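Hi,

Here's the structure I said I'd pass along.

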Amino acid sequence: MIKTAKRLRNIIPSATTEMMIRARELKDQGVDVIDLTIGEPDFPTPDLIIEYAVTAMKEGFTKYTNFDGIPELKDAVITKFKRDNGITYSREEVIITAGAKQAVFNALMAILEEGDEVIVLAPYWVAYPEIIKLTGATPVFAPLDPGSGYSRTIEKIESFVTNETTAIVLNSPSNPTGALLADNFIRDLIELCGNKNILIISDETYEQIVFDKKYKSIAAYDGDISNKLTINSMSKTYSMTGWRLGYAAGPEQLIKKMVQIQAQSTSCPNSIAQKASINTIIGDQSMVIEMREEYKKRRDFVYSELSEIPDISLHKPDGALFAFPDVSGYYGINQNGKTIDGSVDFAEFLMDQFKLFVVPGVAFGCDENIRISYATSMPVIREGIHRFKKALAQIRD
Ligand SMILES: Cc1ncc(COP(=O)(O)O)c(C=O)c1O
């Protein structure tokens, strides 16, 4: 038997990916499945970006690059931060990564060791606790309040801070809730973290998918980047999930350590994706606006339909690709001899009886909810909502 590392014992596989794979397997068997688990844009990567990549390959840009990414792409990222967020970074304060996930991984590996704690606001993106555990540190979950639009009073968050608290991870707009953190909550968090020497890791992957409000990057609140790491990605903004390209910006000392981790893991991000990202970031952004408009139509539809259903509560998603309804009003009810006893049972009921796939909220630290993705076409969303309503009506009967 092969010996494997202890650090992997408590690592949970991604529930979102697991559900997606189950849906795909059934679909391949010809079952009429509606899959609302998907957390990636359904649009093809825009042609222009593909052309940039083809040119890069034809010009022979197919070799290793610097560990931390090519300088021209760092300059494009610096231009983006100035243009969209009003923040000025230098090349030394930027790292290009193989997706936002690798930026999160690099950062946590660079700062954490056994005994350290990281505050994770719950509900959270599934990867944060697992990456924290991989470093030997401990995730500490600070629940947000759905009643206040998934923010919280700072006193409640402060009660989770100990001498071991090294960092806090923020994700606004959030996967899975779609909520933006409230302005005053962010200000209070920045003050708290400044006083307690806590690093703020701000995952801004869904920055460009915000509908009614103006987005403000965490670092833009006071312009001080000394304890803030901002992470972003090409994945959702430009529908480039498979290209594996993201970036992070923050204090030079931290970026240097992240580069060390990257140098010993992937060596460098994909050269072709890097080259194609330069003009994508600095060029015309109309493709981003078009995709956002389409997501907004879907968000509006999903929100208005779900709001009509009795005994469901739901925060209107400010952004990202998800709705996160509280369905606990339907728990404890017997269905064909089986009691729905939490989000896993609820998701399984939808799956078994209606071939409708969603992700149980427990995967995001919130068993009252399920996550419904609208990163799929309107006809699929319509049919999904239709089946969802039918399922809930059946439970109520
Ligand atoms: C909050 C959040 N951060 C990061 C990622 C990963 O992004 P990337 O593809 O850039 O690694 C995801 C993907 O689902 C996400 O939801």
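Let's start with a pair of strands: E13 and strand E14 (residues 370-373) run antiparallel and are joined by two bridges. Keep in mind that this is a predicted model. Across that pairing, Pro 360 sits opposite Ile 370 of E14.

Zooming out, these strands belong to an open sheet of three, ordered E9-E14-E13 with antiparallel pairing. Strand E9 (322-323) and strand E13 (359-360) are the edges, and each has a single partner strand, so one side of each has no neighbour in the sheet.

Where does the ligand sit? It's in the largest pocket. There are 14 residues around it, and the ones that come nearest are Ala 100, Asn 175, Asp 203, Ser 233 and Ser 235. By class, the shell splits into four nonpolar, six polar and four charged residues.

- Asp 203 has a polar side-chain atom 2.6 Å from a nitrogen atom of the ligand.
- Thr 205 has a side-chain N or O atom 3.4 Å from a ligand nitrogen atom.
- Tyr 206 places a polar side-chain atom 2.8 Å from an oxygen atom of the ligand.

And how much of the ligand's accessible area does the protein cover? On its own the ligand has 400 Å² of accessible area, and the protein covers 92% of that.

Cheers

Notes. Residues are numbered from 1 along each chain as its sequence is written. This is a predicted model: local features need pLDDT of at least 70, side-chain atom pairs count only at pLDDT 80 or more; totals for chains, interfaces and linings use all residues. Side-chain values use heavy atoms; hydrogens and water are left out. A residue is near a molecule or strand if one of its heavy atoms lies within 4 Å of it. A polar contact is a pair of N or O atoms within 3.5 Å; within protein, one must be able to donate a hydrogen and the other to accept it, and residues adjacent in sequence count only if both atoms are side-chain atoms. Accessible areas come from the Shrake-Rupley method with a 1.4 Å probe; for residues, only the protein chains shown count as cover. On a 1 Å grid over the protein atoms alone, a cavity is a set of points where a 1.4 Å probe fits but cannot get out, and a pocket is an open set with protein on both sides within 12 Å along at least five of seven lines; lining residues have an atom within 4 Å of a point. A molecule sits in a cavity or pocket if more than half of its atoms lie within 2 Å of its grid points. Ala, Val, Leu, Ile, Met, Phe, Trp, Tyr, Cys and Pro count as nonpolar, Asp, Glu, Lys and Arg as charged, and the others, Gly among them, as polar. Two strands pair if DSSP finds at least two bridges between them. Helices (H or I, at least four residues) and strands (E, at least two) are DSSP runs, numbered from the N terminus.
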